[in-house]
Amino acid sequence: MGVRATQTVEGLDDALREFRAARRSAAEGKYAVACMAARQSAADALEALLGARGREARGATLSDLLREMGDLYDVSQIARAAAELDSCSDYREDLGPSEFAAARALARAEQVILWVRERLPGPRQPGRARRLGPRAPTP
């Protein structure tokens, strides 16, 4: 496996690890942490895809990262998910995000990660999972 392939696999592994941490945080009622970890997991996945194409990720937001790859992929399928995740830091400190907001952030991050997975180079696995595993309990 080449250096670029290794970095891509590590980047996606980071994204999945961060996503699992986000799910755990949501299950523990730590909704702000869950939202931010969900956003970070999506960023890690997008950065892994950019790295697989030999590009360095320079964006500060998920929307920036999508703009960087707009000439490579049709990003319209995940643009809204990215924008929603970018707004995770817009919560009022005194109120914070709710359980619903955390569940929504997790769903959007999962959407981005699965989109990236479908586009990563390498052998395709038949019947590849359409979900990243069990979801955190929702109301």
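Modeller: The side chains of R67 and D64 form a salt bridge with an N to O distance of 2.4 Å; a salt bridge is a side-chain nitrogen of Lys or Arg within 4 Å of a carboxyl oxygen of Asp or Glu. R67 and D64 are three residues apart in helix α3, and are therefore separated by about one helical turn. Helices (H or I, at least four residues) are DSSP runs, numbered from the N terminus. R67 is exposed, with a relative accessible area of 58%, whereas D64 is partly exposed at 24%. Here buried means under 20% relative accessible area, exposed over 50%, and partly exposed in between (1.4 Å probe, protein chains only).

This is a predicted model, in which local features need pLDDT of at least 70, side-chain atom pairs count only at pLDDT 80 or more, and totals for chains, interfaces and linings use all residues. Residues are numbered from 1 along each chain as its sequence is written, and side-chain values use heavy atoms, leaving out hydrogens and water.

Helix α3 also contains S63. The side chain of S63 makes a polar contact of 2.9 Å with that of D86; a polar contact is a pair of N or O atoms within 3.5 Å, and within protein one must be able to donate a hydrogen and the other to accept it, while residues adjacent in sequence count only if both atoms are side-chain atoms.

In helix α1, D14 and R17 are likewise three residues apart, and their salt bridge has its closest N and O atoms 2.5 Å apart.

Terms used
Helix = DSSP H or I, 4+ residues; strand = E, 2+ residues; numbered from the N terminus.
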